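Please report on the local features of this protein model.

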Amino acid sequence: MPLVKLELKPGINTNDTALANEGGYVAGNRMRGWQGRAQPIGGWRSRTTQVVDGLCRASHAWSTHEGATCIAYGTSEGLFGEYNGNLRDITGPIHETTLQDVFSTTNGSEIVTVHLPFHGLVEGQDVVFSHHQMAVAGLTIEGTYTIKSVPTRGSFTIEHASNADADVENGGGYVDFRADLMPGLVSDPLTGYGTGGYSEGPYGSSGNRPGMRQWTLANWGEYLLANACGYGLWEWQPYANYPELAYNGEFANADGWGLGTGWSIASGKATKAAGTGSALSQSVEDLVKGGITVRVTFTVTRTAGTLKFRVNAGATPAVIDVGPASSPISKSGTYTRTFRMPALAKDVVWEADSAFAGSVEDVSYHLEDKAIRITTAPPVIDAMYVNTNGIVVALGTTSVDEGTYDPTLVRTSDLGNNRAWVPDEGSYASFFNVRGIGGRLAKGIATRQQDIIAGDDGVASLQFTGDPQDPFTVNILGTGCGVVARHAMVEQNGFVFWAAEKNFYIFRGVGATSLGIPEILPCPISKDLFDNIERRQSAKSHMGIVPAFSELWFFYPDQRDGDECSRAVSYSWTEGHWHTHKLARTTWCSSGIFPNPLGVAPNGRLYNHEVGTSANGANLDAWIETGDLDIGDGDTLLALTSLMPDFASMEGQVAFTILSKLYPHQKDPKQTGPFIITPTTERVNFRVMTRQVRFRFGNGTANTFWRMGAHRIDLNQTKARR
């Protein structure tokens, strides 16, 4: 009998019929084409026994100046950071500050209105007020309160236990305030990212939190910048540990403390008598660097006067305020405040006025281990990124005067300063609208010599001019090609890839071989993908890169499986072919500082990918199925009697199955096998008579690897007709 060599072109085609795709592949799972041959993808292993809480929607990896590896994960429950493999919850509060004159009351009512622009809080959320320095309308606002209503984005109401005894508008003096970032929704209540009016439903309703919790993450040098969509900007400083910096904070004696006039130390506290304004201080020179965030905690017992926490800093040292942490204290209590250490800090200072009589005790200050909100950044940001010039770019944000939210507005920080956002002479802080690419901006990404901004209906380029008066120019690159989800766009080596509603696109930049416009990537599996993507949850879709194989991966929720990302397609941009995968990952972190990509499963487990040949110890379930093979016009039957396998780099066992049928539309092909092939198998014998036949090759056990060669099939064309 003649031997027929089975030569197959790589990649899967589901758009055409199996018979039309003779010589190719029509189905598969967890396979890739590499150098013209099909092989299973790499396996994965648990990265750690720890999990992240909630559904993870974003991840970002970077390294510190000392070479420590860091990863951040943004989930529906919060923000998590990993430092050299140690995972911790770094979710910081949405508000932790000192407010002034924010209360309004109505005589005879227990309802108190709190004025706080773009607060991002919701009805039913608990907030905490403490150290209320001055009663308002007979009410002292202290303790935990549940938000009763949210009339506007700039106000909310709480209910006091007593009625106000006067009408007051914006009163109450100083009060410390804390509100945590509430967990977000795990699914989008809208009909999909790219459909419906932007201001419809919870996503754009004034005073309400956005829909499904999404994050954009970037590193600012060795620090992390994080934005929860619809909120502001947080910064996290990654360290191996966050040690106590205060020396002798229990005041066992006077060691380490500078005592101004009237201060003395005894009985575990520093005490001051009224009469002269002076300070209690401790040196931090050579202990801290400028720009770090520090949390200071101390207890004040006050009889009279006012105390302030400040820092002595500068080339010519001067005692200065450090933001809300320096708000005056005129009430006894235990205070905890965060501040950014100024450059050239010399001392931390507790500065008392001449009337102050009281004590300070239990002093502690240390590097802050949570992400802290940058209060000078816009309070509402839909997405952000850091460009190659060291400028933070905020997309879909509030105007400079904080008066108006605009989903097409772009604001940028000053060059090298993520806290300076107000345009000024010599500053690169700026604002402008990007219109013509949709009703809202979804994604920004830095690439070669320009940035790409994607909206829900197109993409534009952003180019840095170097002129502080007009730092950026904007050019529309294409319309009708908007990104389908916030994280469905990636960049690799100057190429930008993204998924739109019905197509995949690539932007190659401008050059001798590229047009400088978005180009459609032909996709022979597009019909199955786009017919089955769960469009109501398409905002969960995301993209990642496997650089070692020059692959783009697009993960998406498939309606056949549910509403979470359960499947993926991969594209080799060097070889031009596609493959399909069943792989549930809610975010993907491309290899860069790590040797392998990282993926997060819906249950919060973290995995290293492209490691080994098993699915965390189980069978990888990798398989691929050929198109239909026939002889001539298929008018006679084939007799198949054996396969002589040809696998390269084979380990483990391969399951070989024959699927035969007489007619193209026959629903249930006859299955013969599976037959187990090992590295020592020379021939597989069987007997099949059919008109059309396809072959399936797949992993037979865990820890199996194989690479397709040129198998030979023993077959004859018979004279039988059926």
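## Cysteines

Cys589 is buried, at a relative accessible area of 7%. Buried means under 20% relative accessible area, exposed over 50%, and partly exposed in between (1.4 Å probe, protein chains only). The model is predicted: local features need pLDDT of at least 70, side-chain atom pairs count only at pLDDT 80 or more, and totals for chains, interfaces and linings use all residues. Residues are numbered from 1 along each chain as its sequence is written, and side-chain values use heavy atoms, with hydrogens and water left out.

A disulfide is a covalent bond between the sulfur atoms of two cysteines. Here it is defined as a pair of cysteine sulfur atoms within 2.5 Å. The search of the whole structure finds zero disulfides. Cys589 is in none; its nearest cysteine sulfur belongs to Cys56, 9.6 Å away. For Cys481, the closest cysteine sulfur is in Cys523, at 17 Å, which is too far for a bond. Cys481 is buried too, with a relative accessible area of 3%.

## Aromatic pairs

A pair of aromatic rings is described by the distance of the centres and the angle of the planes. Rings of Phe, Tyr and Trp (its six-membered ring) pair if their centres lie within 6.5 Å; planes under 30 degrees apart count as stacked, over 60 as edge-to-face and the rest as tilted. The structure holds 37 aromatic pairs. Trp553 and Trp588 form a stacked one, with 5.9 Å centre to centre and 5 degrees between the planes. Trp553 lies in strand E48 (residues 551–557) and Trp588 in strand E51 (residues 587–589), so the pair ties together parts 35 residues apart in sequence. Helices (H or I, at least four residues) and strands (E, at least two) are DSSP runs, numbered from the N terminus. Trp553 counts as buried, at 1% relative accessibility. Trp588 also counts as buried, at 7%.

One aromatic cluster is formed by Phe251, Trp257, Phe298, Phe309, Tyr335, Phe339 and Trp350.

## Charges over rings

A charge sits over a ring if NZ of Lys or CZ of Arg is within 6 Å of the ring centre and within 35 degrees of the ring normal. Arg153 lies over the face of Tyr405, 5.0 Å from the ring centre. The charged end of Arg508 sits over the ring of Phe495, at 5.9 Å from its centre.

## Sheet E6 to E9

Four strands form an open antiparallel sheet, in the order E6-E7-E8-E9. Two strands pair if DSSP finds at least two bridges between them. Strand E6 (56–63) and strand E9 (86–89) stand at the edges with a single partner strand each, so one side of each is left without a neighbour in the sheet. Neighbouring strands are turned by 20 degrees against each other on average, direction ignored. Axes are lines fitted to C-alpha atoms, for helices over the stretch in contact, and angles run from 0 to 180 degrees between N-to-C directions.

Strand E8 (residues 79–83) pairs with E9 in the antiparallel sense, over four bridges. Glu82 has Leu87 in E9 as its bridge partner. The loop between E8 and E9 holds Asn84.

Strand E39 (residues 458–464) and E40 pair over seven bridges. Val459 stands opposite Gly478 in E40.

Gly480 is in the loop between strand E40 (472–479) and strand E41 (489–492). Leaving out residues up to four places away in sequence, Gly480 touches Asp457, Gly458 and Tyr505. Contact means heavy atoms within 4.5 Å.

## Backbone geometry

Most residues other than glycine have a negative phi, and most peptide bonds are trans. Asn84 is not a glycine, yet has a positive phi of about 50 degrees. Asn84 counts as partly exposed, at 46% relative accessibility. Asn616 has a positive phi of about 55 degrees, again without being a glycine. Asn616 is found in the loop between strand E53 (605–609) and strand E54 (623–626). Asn616 is partly exposed, with a relative accessible area of 39%.

The peptide bond from Gly673 to Pro674 is cis, with omega near 15 degrees. Pro674 lies in strand E58 (residues 670–677).
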